[in-house]
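Please look at the sequence and the structure below.

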Amino acid sequence: MNVIRGEFIRLRATGVLLWSTLIALACGGGTTLLLALTGPQNAQPPMPDIDTPEGVGFVLGIGTVLLFVPALIGTVAITSEYRHRTIGTTFLAVPRRGRVLTAKLAVYTMLGLVYGAVLSSSALLALTVATWMRGVPLGVAPADLAPALAQLALAATAYMLLGVGIGALARSPLVAIGVVVGYFLFAEYLLMLIPGVNAFYPFLPGGATASLTRFDFLTDAIAHQTALAQAPMASPALGAAILVGYAAAAALVAVFAPLRRDLT
């Protein structure tokens, strides 16, 4: 418990906890408020407004596009320890690396849960504020949005752990950030454009997230803009299982990769 407490204190002292919370507020509350106020019906192509279940689903689903952000936070948090060599100091204080790395993983998992909770709750608050400002009813009762918001929060936690795993493997901040940005913002979308390969989209992190949240706007838009068949989606349960699998693999990498590696 002392190691976990020490890691939590370090997370708070370095400002990672504060900045993660602020970024979650911006991505969840800020983006949702902007979309809800401007109205999905004004998008190209026009989408149903937030007084319909489809419109609410669209506004919340757009939030999944920004899930690379918690992955970036996890990446920067772990690679900064290698960059500033603070991880070496920690290993000197607690020579049993496995205990330290397990504590770090536990703290980053909690950070991911906090990020996801702030992201989801601020998105719900933004939707409520937007309907009040525009004078329109919300298309879904707030209580009925709980499953979708919980899915969004859990997906954010999984992405945070993915970032931590990538950071532990790469150790270089620039390399790790390049991998996260390059994959989640470019490579995964390019894969959807390759005939045959896009059949594996549900098994990629983005596809699993889209399956979990039932947000098929991107795959549908790509299919309409190209002659390609729409990439398939998995069931929400399978999407959740795939995401958990990625998070578990990233957690194993984060714990075992630095165990015997030279820190110099």
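The report starts with the basis of the model and then turns to its pockets, salt bridges and surface.

## Basis

This is a predicted model, in which local features need pLDDT of at least 70 and side-chain atom pairs count only at pLDDT 80 or more, while totals for chains, interfaces and linings use all residues. Residues are numbered from 1 along each chain as its sequence is written, and side-chain values use heavy atoms, with hydrogens and water left out.

## The largest pocket

The largest pocket holds about 500 Å³ of space. Its lining has 25 residues, and those closest to the centre are Gly57, Phe58, Thr213, Arg214 and Phe215. Two or more lining residues come from each of helix H3 (53-62), helix H7 (146-170), helix H9 (205-213) and helix H10 (217-225). H3 gives the largest share, 7 residues. Helices are DSSP runs (H or I, at least four residues), numbered from the N terminus.

By class, 15 of the lining residues are nonpolar, 5 polar and 5 charged. Here Ala, Val, Leu, Ile, Met, Phe, Trp, Tyr, Cys and Pro count as nonpolar, Asp, Glu, Lys and Arg as charged, and the others, Gly among them, as polar. A pocket is an open set of points on a 1 Å grid over the protein atoms alone, where a 1.4 Å probe fits, with protein on both sides within 12 Å along at least five of seven lines; lining residues have an atom within 4 Å of a point.

## The second largest pocket

About 210 Å³ of space lies in the second largest pocket. Of its 13 lining residues, Leu162, Ile166, Phe184, Tyr246 and Ala250 lie nearest the centre. H7, helix H8 (173-192) and helix H11 (236-256) each give two or more residues to this lining. The lining has 12 nonpolar residues, 1 polar residue and no charged ones.

## Salt bridges

There are 2 salt bridges in the structure, a salt bridge being a side-chain nitrogen of Lys or Arg within 4 Å of a carboxyl oxygen of Asp or Glu. One of them joins the side chains of Asp49 and Arg134, at 2.5 Å from N to O. Asp49 lies in the loop between helix H2 (16-38) and H3, and Arg134 lies in helix H6, so this pair ties together parts that are 85 residues apart in sequence. Asp49 counts as buried because its relative accessibility is 13%, and Arg134, at 26%, counts as partly exposed. Buried means under 20% relative accessible area, exposed over 50%, and partly exposed in between (1.4 Å probe, protein chains only).

Lys104 and Glu81 form a salt bridge, with their closest N and O atoms 2.5 Å apart. Lys104 is in helix H6 and Glu81 is in helix H4 (residues 68-83), so the pair ties together parts that are 23 residues apart in sequence. Both Lys104 and Glu81 are buried.

## Surface

Leu37, Leu125, Val129, Trp132 and Met133 make a nonpolar surface patch of about 540 Å². Helix H6 (residues 97-134) gives the largest share of this patch, 4 residues. Trp132 lies in helix H6 and counts as exposed because its relative accessibility is 69%. Patch residues have over 30% relative accessible area and no salt bridge, and nonpolar side chains (Val, Leu, Ile, Met, Phe, Trp, Tyr) are joined within 5 Å.

Glu54 is in helix H3 and counts as exposed, because its relative accessibility is 53%. The C-alpha atoms of Glu54 and Pro40 are 10.0 Å apart, and the two residues are separated by 14 residues along the chain.

Note on methods
Patch = residues over 30% accessible without salt bridge, like charges linked within 9 Å, V, L, I, M, F, W, Y side chains within 5 Å. Areas by Shrake-Rupley, 256 points an atom, 1.4 Å probe, with all protein chains shown as cover. Points joined across faces, edges and corners; volume = space filled by probe spheres on them.
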